[in-house]
Amino acid sequence: QVHLVESGGGSVQAGGSLRLSCVASGDTSSIHCMAWFRQAPGKQREGIAKIISDNSTLYDDSVAGRFTIYKHSANNTLYLQMNSLKPDDTAVYYCAASETYSCRRRAFAQYWGQGTQVTVSS
């Protein structure tokens with residue numbers, strides 16, 4: 001089993017930056033895909049960025065050019081660098097992982113963190 005723990009959320013003004021972290025533990029060698037999701041109140045949880053074993057990345061258009069997903073394999077930590085934040089980025093952010101190469105859709109994400117709140121004020 002894989003355990004994921006997010007951190008780094010908080011409150012920031014529009015235009016500011018935050019970096020989220022997700023520490024993976026357990027059978028991390030089985031993971032081939034990791035992703036960041038977010039969910040605003042009353043909205044569906046959506047995948048916004050993913051990274052697979054060869055470090056290929058994919059971003060949703062809503063965050064492309066502003067957010068960067070990357071990982072440090074040495075400490076099993078996934079990061080999401082968020083720049084130029086907008087009020088519409090306000091949501092609970094979750095990291096997710098899969099033993100397959102598909103993890104950006106909820107149905108394909110096998111493991112989830114507890115979430116961390118990001119609030120962007122105008």
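Tyr94 is buried, with a relative accessible area of 12%, whereas Trp112 is partly exposed, at 27%; buried means under 20%, exposed over 50% and partly exposed in between, with a 1.4 Å probe and protein chains only. The model is predicted: local features need pLDDT of at least 70 and side-chain atom pairs count only at pLDDT 80 or more, while totals for chains, interfaces and linings use all residues. Residues are numbered from 1 along each chain as its sequence is written, and side-chain values use heavy atoms, leaving out hydrogens and water.

The structure holds three aromatic pairs, meaning rings of Phe, Tyr or Trp (its six-membered ring) with centres within 6.5 Å, stacked if the planes are under 30 degrees apart, edge-to-face if over 60 and tilted otherwise. The ring centres of Tyr94 and Trp112 are 6.4 Å apart and their planes stand at 85°, so this pair is edge-to-face. Because Tyr94 lies in strand S9 (residues 91–98) and Trp112 in strand S10 (residues 111–112), the pair ties together parts that are 18 residues apart in sequence; strands are DSSP runs of E, at least two residues long, numbered from the N terminus. Ring pairs link Phe37, Tyr94 and Trp112 into a cluster.

Arg45 lies over the face of Tyr94, 3.7 Å from the ring centre, and over that of Trp112, at 4.8 Å; the criterion is CZ of Arg within 6 Å of the ring centre and within 35 degrees of the ring normal.

Note on methods:
Helices (H or I, at least four residues) and strands (E, at least two) are DSSP runs, numbered from the N terminus.
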